[in-house]
Amino acid sequence: MPGPVRIEALDNFPVIRDLVIDQTSFLNKLEAVKPWLIPKAKRTPADGPNRQTPQQMQKYHAYAQCINCLLCYAACPQIGLKPDFAGPAALALMHRYNADSRDQGWPARAEMANAEGGVWGCTYVGECSEVCPKAVDPAHAINQNKANSALDYFGLGKLLAPSEGGQ
Amino acid sequence: MGRHQAVARTYRRTHPVDWGRSVHRRRYMRRELTSVFLIAYALVLLFGLWRLSQGEAAFEAWRAAMSHPLAVLGHAVIFVAALYQTISWFQVMPRTLPDSQTKPATITRAGWAAAAVASVLVLVLFMVGGAK
């Protein structure tokens, strides 16, 4: 026999009514990480397809599976303690674009990543990755970017650009 | 923050964070708690260094105090905590490193092996140094 099932509105969000929550805070955090490709030079359709190798796609593919379900925000104790923390999904999607070979956007996203509410707001409880239904592993995305944020602090940010070669 | 306006009338649930809610939260709290014991041990060593700066008599008095049964018990507790911290921290280390083809279990075992080698090296160095 399975155990009892508890149904409730997502934790750490204001409740509008019944199970409906207000996800405004998440939408603003998502927008703040600039979740779109920021190429080095502006491209036009005349440039043709922006190709990448399967190896380059593998770098970010897992993080691109996020469906914005917000289960990770309900699971994260730091979101409950610090409402300004960008949170697992937004930071995982930030990494998804930073890790893309077609993207050169780390400088544009660095301020957000390095902020108190950025990657350093995470204390690595790891529950986000446990509840993720798409195996995105936000804890991995965030915690590997603490090293990136530290490199950026020491002026080594240029090492963070994804390689344009095969690896 | 941001251009999206929050819904004006909402109900905000306020409850303290439940750190025992899941096995992952409990594991996290145990891992973090053991770091307090590491700080305690650092303070013990620093205190010994301070006593050393006060001369031989003070340092010998500190050493004698360290062999008191309570001090030995304290060291045993700190040792267990340090062991738990070492084991549990390397278990979560893989996700602090960039994506790679290396299996997480391999990274964890490499960390444990490095910790074991370093511990033995330090122990041997102290035993060799203490024998002189």
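How much area is buried between chain B and chain A, and what share of it comes from carbon and sulfur atoms? About 2,800 Å², with carbon and sulfur giving 48%; buried area here is the accessible area (1.4 Å probe) that two parts lose on being put together, summed over both. Before going on, some ground rules: this is a predicted model, where local features need pLDDT of at least 70 and side-chain atom pairs count only at pLDDT 80 or more, while totals for chains, interfaces and linings use all residues. Residues are numbered from 1 along each chain as its sequence is written, chains are lettered from A and ligands numbered from 1 in the order in which they are written, and side-chain values use heavy atoms, leaving out hydrogens and water.

Let's stay at the interface. Chain A puts 35 residues into the contact and chain B 28, with contact meaning heavy atoms within 4.5 Å. The rule finds six salt bridges across it (a side-chain nitrogen of Lys or Arg within 4 Å of a carboxyl oxygen of Asp or Glu). One pairs A:Glu127 with B:Arg21, their closest N and O atoms sitting 3.5 Å apart. On chain B's side, helix α1 (residues 23-53) gives the most, with four residues; helices are DSSP runs of H or I, at least four residues, numbered from the N terminus. That side of chain B splits into 11 nonpolar, nine polar and eight charged residues, where Ala, Val, Leu, Ile, Met, Phe, Trp, Tyr, Cys and Pro count as nonpolar, Asp, Glu, Lys and Arg as charged, and the others, Gly among them, as polar.

Now for the pockets. On a 1 Å grid over the protein atoms alone, a pocket is an open set of points where a 1.4 Å probe fits, with protein on both sides within 12 Å along at least five of seven lines; lining residues have an atom within 4 Å of a point. The largest pocket has 20 lining residues, with B:Tyr41, B:Phe79, B:Ala82, B:Val122 and B:Leu123 nearest its centre. Its lining has 15 nonpolar, four polar and one charged residues.

The second largest pocket is lined by 29 residues, and those nearest its centre include A:Phe13 and B:Arg12. Here α1(A) gives the most to the lining, with four residues. By class, this lining has 13 nonpolar, seven polar and nine charged residues.

Notes: Helices (H or I, at least four residues) and strands (E, at least two) are DSSP runs, numbered from the N terminus.
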